[in-house]
Amino acid sequence: MPSPSLKWVWAILNFALLAAGSVLIAISTVWRSHNPARNFVISELDLNAGLVLGIAMLITWAISIIGIIQRNNSTAVLIMTNWALIIDAIGVVVIGCIIWFCTLQETSNYLKVWEAATPATLQSIQDTLQCCGYRNSTELAVAAGTCANTATAANLPGSTVCVVNRRKQAERFIKIDAKRGGRGFV
């Protein structure tokens, strides 16, 4: 008979597995909505990978519940739970490495996406980010919306500069929050 502390550790880890699978499925489902800026960065392949990984984690969670509530004389389902956990871990590492590798080539990858996008999508992204073009206002800009006036467009940065600046600003606020003890900035 396992000790009560071991049961609590199992329950907490099993709840974490359930939460991780549920969050992956929820985010993969909700982020499929029409949002040109997010759809530009997160591909359908990323969302499908998150959905498959979330489903795999929920299946592992269900197997572990079955393994715990079964009789003590059979451990086959618990062994199957261990194999499912190993498969989940391999999936997380593989998908994480793929995402990491893609971030190393972000600029060239997004240029291909930018070139393949429709003018309406590009205009929506430019209007959302308040920028013109890809790297600057002369490179692959759509002369509409925010960039309709060439004088205004010449003074606006490219989309990549806007994204980098927003990331730097977000990191700055995270560092400020950390210095203040993790509380919110405002």
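1. A search of the whole structure, which is a predicted model, finds one salt bridge. The term stands for a side-chain nitrogen of Lys or Arg within 4 Å of a carboxyl oxygen of Asp or Glu. The pair is arginine 32 with glutamate 44, and their closest N and O atoms are 2.4 Å apart. Side chains of opposite charge can pair when their charged atoms come close.

2. On the basis of the model: it is predicted, local features need pLDDT of at least 70, side-chain atom pairs count only at pLDDT 80 or more, and totals for chains, interfaces and linings use all residues. Residues are numbered from 1 along each chain as its sequence is written, and side-chain values use heavy atoms, with hydrogens and water left out.

3. Helices here are DSSP runs (H or I, at least four residues), numbered from the N terminus. Arginine 32 is partly exposed at 32% relative accessibility, and glutamate 44 is also partly exposed, at 49% relative accessible area. Buried means under 20% relative accessible area, exposed over 50%, and partly exposed in between (1.4 Å probe, protein chains only).

4. Helix α1 (residues 4-30) packs against helix α3 (residues 44-69) at an angle of about 150°, and the axes are 8 Å apart. This makes α1 roughly antiparallel to α3. Axes are lines fitted to C-alpha atoms, for helices over the stretch in contact, and angles run from 0 to 180 degrees between N-to-C directions; those over 145 degrees count as roughly antiparallel. The crossing of α1 and α3 is left-handed, that is, the near helix is turned anticlockwise from the far one by less than a right angle.

5. The crossing of α3 and α4 is left-handed.

6. Two residues of α3 can be set side by side. Glycine 67, in helix α3, is buried at 4% relative accessibility. Isoleucine 69, in helix α3, is exposed, with a relative accessible area of 68%. From isoleucine 69 to leucine 13, 56 residues apart in sequence, the C-alpha to C-alpha distance is 16 Å.

7. Valine 92 is in helix α4 and is partly exposed, at 39% relative accessibility. The C-alpha atoms of valine 92 and alanine 49 are separated by 9.6 Å, and the two residues are 43 residues apart along the chain.

8. In helix α5 (residues 106-116) the buried residues are Tyr110, Leu111 and Trp114. They cover an arc of only 110° around the axis, which puts them on the same side of α5; the arc is that of the directions from the helix axis to the C-beta atoms. The exposed residues Lys112 and Ala116 are on the face of α5 turned away from its buried side.

Definitions and conventions. Parallel < 35°, antiparallel > 145°, perpendicular 65-115°, else oblique.
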